[in-house]
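Some labels attached to a structural model deserve a check against their criteria.

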Amino acid sequence: MSDDFERLSGLTPPMASPEARARALAVAMQAFDAAEENSAATQGSVRPVRQSSIFNRIWSPIMNRKLLAGSALATLLVVPAAAFLTLELTRNGAPFGERAQEIALKEKPAPQPTPKPALPAASPEGDLARVQDETAPGAATDQSVAEQKAQAADQAAAVSEEKFNADEIANLLNRSGVNGAKRKTMESETVAPAAEADAMANSVARSTAPLSAVGGAQPQITYLPAPVTEEKLVAPPENRERFGKADSNPVKSVATEPVSTFSVDVDTASYAFVRRSLMEGQMPERDAVRVEEMVNYFPYDWPRPTSVTEPFKATVTVTPTPWNGGTRLMHVAIKGYDVVPAEAPKANLVFLIDVSGSMDEPDKLPLLKSAFRLLVEKLKPEDTVSIVTYAGNAGTVLEPTGVKDKAKILQAIDSLQPGGSTAGAEGIDAAYALAEKAFVKGGVNRVMLATDGDFNVGPSSDDDLKRLIEEKRNGGIFLSVLGFGRGNYNDALMQTIAQNGNGTAAYIDTLAEAQKTLVEEAGSSPFPIAKDVKLQVEFNPAAIAGYRLIGYETRALKREDFNNDKVDAGDIGSGHSVTAIYEVTPKGSPAVLNDDLRYAEAVKPAAEASPHGGELAFLKIRYKKPDGDKSELITTPVTEANAVPSLAEAPADVRFSVAVAAFGQKLSGVTALNDYTYDAVIDLALASRGADPFGYRSEFVNLVRLAKGLGGSRN
Amino acid sequence: MRAGTDLDAELVEKAVSGDRQAFGALVERHYDFVHAVAWRWSGNVSDAEDIAQDVCLRLGAAIRGFRGTSRFRTWLYTLTLNAARDHKRRQVRDHRQMQAYASEQAVAAPHQDPDAERREVLWVAVRELPEKQCDAVLLVYAEGLSHAAAADVLGCSEATISWHVHEARKRLKTLLGKEAV
């Protein structure tokens, strides 16, 4: 690879065409002259400029940054003000020179904690006044220059079209024809502020001679610190929704990696998102599809644990794979103990609601209000509810109020009004403060965050936010996320928030979904019966050659993390069920992908002779009691006794979940299912629909039909 | 270039104090450098010309405020890199608008020379890197700067540059590894 990098130096750049060169030089001179005219207006400052330049040159090697930091900071503080002024002035198109100067003068008396005795001529005040004199008019004239430049650039594009090489085609395509006109306006818009920014960054250099300081300061001034990574910025997504990227799990060889470990996941956001996408006539983005969330969306009637002492029960079914004759599916279903309502602990719920302007859409705030009304009806009189909103600034709408005061709560819900921009950081602080105020010892303390998109954490970073949520989680306050709307939904962040807060992330697009999430599952999700639930499956190399975990890509854990109680994992609420499906390749099957290891031969007979010879795999579940810190272990061996000879003989719920898993994998582009058609998924789902009292499964079949219609060539 | 450093210093100083001729000479002297850097970052001539012109514009507007004569070149790097980034963002935006109108994808003509093609792939891959990594790699390898000088241009520490280069290497390995298959 280092050789590769060396090759970068091998390429000699082509010379610029003389015309372009001449044009650029002319533009430079024009800009220079434009700046000159403006400086003529403030002739008095020219002499000090030169002096300070000499001073700076002499002093810069001697002065260390410590001495200059003060003035640099002071300048930095005032530069945004200058930027704002400049922007305002350019926008208004007012006569610049005089006004700018006036305002700049008013700026002067601002307190300047600067060590200036060393540099009388380069005093920050003088600099500032000058900076503003120069930047404002400079930028203004830049605009006209920029317009000329835009025309010139278009000509340049036309000229160079004749001689493009392969690598230009893409770029030329981008700029040709349609957006020529747009481009012109855009350039004049963008160039002017950019020039300003440079001028400003440079003014920093004026008082802080070492140029490295400019380098340091410039990125902050030129580009507003983007809350997203560069990678995300460069990618041109069609909408601004962001999803954590994870490739589908690969097929792993049992010989080399016999153990698979992951955290349970009871989130359902992905299914609702896929549904919405398909309903709108669009195939969902592959990254938005998380197969395990789709599978876990549906209520299944897995065998239940019989007592509280056994928080959940695991049922394993091994069936042939419908989409691959050579493999089998190992279906692991876990059902949490259903807390009888009488035993449900007192709840202290804090709703943190995004009321930013973007929530003002029928499928956002109004939907949220209806959903909360449903939930309030469902809560017990002694439970408390509080509401915090966040937009321009965070505000407490409702102090912790007992549900017996239902009217007051409903009134508070009705009073929610959208408006302002998002400032999540204060909101979350306020929400946690309220949750602590009404803390119920031994009860359920949960913050429920409802938002339509970016959870803008303000000055703190995403990491700080995660840390805060983790800290509060350890203090007994959990956090769930309810996503609303579409177009700006930051799925990845929401996932992380919920996962760190021991909560679920649900995506709510219809009132029915709100009912399912908030009301029906209010009895489960907010009442965890076990936390940090991890699953580990060890496959027996004597029986299984390879395996592939379907979904759970974002939930993978390291093998050694299974026994490490410090590693966080998902929760299971009362009545929750979690389903995980492995596609396993039996030994000797024609579908085996990995060849046998030549040198593993010697070890094998020992394995076959072991007392666990008849086992296919060994399932281990580790969990903590909701208030416990030490984990407990449940183990189940998987043998041929768990197997059914054909999929048709498997329980209906198993078949349905397999259909969902197949659909999810098709949507996320898993190649193994290329030959398995949507029709086959529909047949499988229809045959296993069962009673379907809420119509969830029929809806699923409809979605598959929609996808089939949309997918077209992708069968 | 080394021989002209003194001349540069003189020209910069004069230009800063408002000498039109000196500024003209200065831009004349450095245009090719700016253009070459712009070309390395953008990957094609017409974009490089646009960026270079942009840099000239910014130079003209900002030169009077420039301090630190000896580091004119570092400043040019910074200006050019910023202009290249702005240009790229603008293009991404244009590209998105374009996509609304045309769904055709550009198909690059295959190269005759396999070595040139390999290099082409590498260049494309490097430009696909996250901004900071791309900048670091290009400054160090294409521009031949030391890690310290690159750190100066990008306004970060030397260790950060080394780290970016290291990360870029890791990333490219997977990127190119995949493409080779």
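Q: Where in chain A is I497(A) found?
A: In this predicted model, I497(A) belongs to helix α17 of chain A, which covers residues 491–500.

Q: Why is I497(A) called buried?
A: A residue is buried if 20 or more other C-beta atoms lie within 10 Å of its own. I497(A) has 26 C-beta neighbours inside 10 Å, so I497(A) counts as buried.

Q: What separation is there between the C-alpha atoms of I497(A) and K466(A)?
A: The two C-alpha atoms are 6.3 Å apart, while I497(A) and K466(A) are 31 residues apart along the chain.

Q: What makes the phi of D532(A) worth noting?
A: The phi of D532(A) is positive, about 50°, although D532(A) is not a glycine. D532(A) sits in strand β11 of chain A, residues 528–539.

Q: How do you know whether D532(A) is buried or exposed?
A: The cut-off for buried is 20 or more other C-beta atoms within 10 Å, and for exposed it is 12 or fewer. D532(A) has 23 such neighbours inside 10 Å and therefore counts as buried.

Q: Which value of phi does Y552(A) have, and where does Y552(A) lie?
A: Phi of Y552(A) is near 60°, a positive value in a residue other than glycine. Y552(A) is in the loop of chain A between β12 (544–550) and β13 (570–573).

Q: Why is Y552(A) called buried?
A: Inside 10 Å, Y552(A) has 24 C-beta neighbours. The criterion asks for 20 or more, so Y552(A) counts as buried.

Q: How do you know that β15(A) and β16(A) pair?
A: Two strands pair if DSSP finds at least two bridges between them. Strand β15 (residues 615–624) and strand β16 (residues 631–639) of chain A are joined by 9 bridges, so they pair. The two strands run antiparallel.

Q: How many helices and strands does chain B have?
A: Chain B has 8 helices and 0 strands. Read from the N terminus, its elements run α-α-α-α-α-α-α-α.

Q: What percentage of the residues in chain B is buried?
A: Of the 181 residues in chain B, 48% are buried.

Q: What share of the contacts in chain B with a separation of 6 or more comes from residues 24 or more positions apart?
A: Such residues account for 58% of those contacts in chain B.

Conventions
Residues are numbered from 1 along each chain as its sequence is written. Chains are lettered from A and ligands numbered from 1 in the order in which they are written. This is a predicted model: local features need pLDDT of at least 70, side-chain atom pairs count only at pLDDT 80 or more; totals for chains, interfaces and linings use all residues. Helices (H or I, at least four residues) and strands (E, at least two) are DSSP runs, numbered from the N terminus. Two residues are in contact if their C-beta atoms, placed from the backbone, lie within 7 Å.
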